[in-house]
Amino acid sequence: MQEPKADKSRLRSILAGSAGNMVETFDWFVYAAFALYFAPVFFPKGDQTAQLLGSAAVYAVGFLARPFGAWIMGLYGDRAGRRAAMVVSVSLMCLGSLIIGLCPGYAQIGLAAPAILVLARILQGVSMGGEYGASATYLSEMASRDRRGFWSGVFYSTLMSGQLMALFLLLALTAILPAEQMNAWGWRVAFLIGALLATVVLLLRRGMDETPSFKARDNSRTATWRLISDHPRETLMVFGLTAGGTLAYYTFGTYMQKFLVNTSGFSKDQSNLITTAALAAFILMQPLAGALSDRFGRRTLLLGFGVGGVIMTWPVLSTLAVTQEPLTAFLLVLGSLAVVSGYTSVSAIVKAEMFPTEIRALGVALPYAIANALFGGSAEFIALSFKKAGFEPGFYVYVTAVIGVSLVTYLLMPETRRTSRIIEA
């Protein structure tokens, strides 16, 4: 086994890649975090659930663009390099944030406002679709074999740090600005900050090293058909293992902010505090859980999530729906996210370990992005649709069933820690 690299330039590259993950996720989740404030600006007047449905629909559109981004950027990352793909992805995210931050509202330009919002989210969706595959591949190829699970956890921590940054900014702005100013223009500040941070990351990424694995590849040309024809089992497994994990995360880590307001009856400030505190603890869990996978295996953690998710989803959501105690809500959300850590901490490395170098970025990105779009991006819309139809518990059943499908995948998949196809540099 090759010893871990101590080269400072490589460490700087890993840190630059991690900073990029954080900023891109910040830009992506600013939309979800501030939707309660900007939904009335972009959509016609109506009740809160109707306006949130409009913003959730646009949120889902962004997810639908992610498979396209994963496909294009995955091919680009396998042909031109992981670093090149990461530079392009952060550029698109910067542009999308800038457009949203500057776009006039429905009152000023009518239907053009939500149309421009959709365009910006498509750009950001393409960015996120490409970012995940390129950055997950980059980190997995840079990390040493005996610590890849740990670094996979770090990878997810940086991704979620971006979401936490978005929530911290939300807390800061709501503390500084009156509600009228937050609803009128305060939310725009978050998108403009995101555009500025993405510009900084763009400069950092231009100085990153390419991975040794990519440099040593056989130079065969990556083609989409090769993913399907040569690696059908791995492609289906990535889709299957992602479906339940991404739905569970977007239920307990993203939609929960709105669920606590719109269903449980907490105030916006209470909901922000509960979800921010739970996500902060969740982020700290990721490297630890990833390190456990280096010792006990990736499949063990995935099975823990699958079994735990099937058992706890209904009772947790049904209890949260009626609880009036902030501490109880916090503990329930935190416990749910602890279970979800069995998926999130190892999801990046499990996918990367399944594919050879010449098609790894595409193999990690495309089936993940499709599953993410179908099950993660639609989570809020489906949840709100069940609520509007007067049968919110139907969403609890839906989440449980999809996690159950992923559990079957975990039972059938190999232990990738032993069968990894990542070549040591």
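Reply: The structure holds 0 disulfides, a disulfide being a pair of cysteine sulfur atoms within 2.5 Å. This is a predicted model, in which local features need pLDDT of at least 70 and side-chain atom pairs count only at pLDDT 80 or more, while totals for chains, interfaces and linings use all residues. Residues are numbered from 1 along each chain as its sequence is written, and side-chain values use heavy atoms, with hydrogens and water left out.

For Cys103, in turn, the closest cysteine sulfur is that of Cys94. Cys94 counts as buried because its relative accessibility is 16%; buried means under 20% relative accessible area, exposed over 50%, and partly exposed in between (1.4 Å probe, protein chains only). Cys103 is also buried, with a relative accessible area of 3%.

Charged contacts come next. Side chains of opposite charge can pair when their charged atoms come close. A search of the whole structure finds 9 salt bridges, each requiring a side-chain nitrogen of Lys or Arg within 4 Å of a carboxyl oxygen of Asp or Glu.

One of them joins Glu24 to Arg205, with the closest N and O atoms 3.6 Å apart. This pair links distant parts of the chain, since Glu24 belongs to helix H1 (residues 8-33) and Arg205 to helix H8 (residues 179-205), 181 residues apart. Helices are DSSP runs (H or I, at least four residues), as strands are (E, at least two), and they are numbered from the N terminus. Glu24 counts as buried at 0% relative accessibility, and Arg205 is buried with a relative accessible area of 0%.

Arg82 forms a salt bridge with Asp78, and here the closest N and O atoms are 2.6 Å apart. Arg82 is buried at 1% relative accessibility, while Asp78 is buried with a relative accessible area of 2%.

In a further salt bridge, between Glu353 and Arg298, the closest N and O atoms are 2.9 Å apart. Glu353 lies in the loop between helix H15 (347-352) and helix H16 (360-376), whereas Arg298 lies in helix H13 (residues 298-320), so the pair ties together parts that are 55 residues apart in sequence. Both Glu353 and Arg298 are buried. Elsewhere, salt bridges with shared partners join Asp78, Arg82, Glu141 and Arg360 into one network.

Helix H12 (residues 268-296) has 29 residues, which at 1.5 Å a residue should span 42 Å, and the 41 Å between its end C-alpha atoms agrees; the expected span is 1.5 Å times one less than the number of residues. H12 bends by about 30° at Met285, and a proline, Pro287, follows within four residues. The bend is the angle between axes fitted to the seven residues ending at a residue and the seven starting there. After H12 comes Gly297, whose phi is positive, near 105°.

Helix H15 also contains Ala348, which counts as buried because its relative accessibility is 4%. Ala348 and Gly62 are 286 residues apart in sequence, and their C-alpha atoms are 21 Å apart in space.
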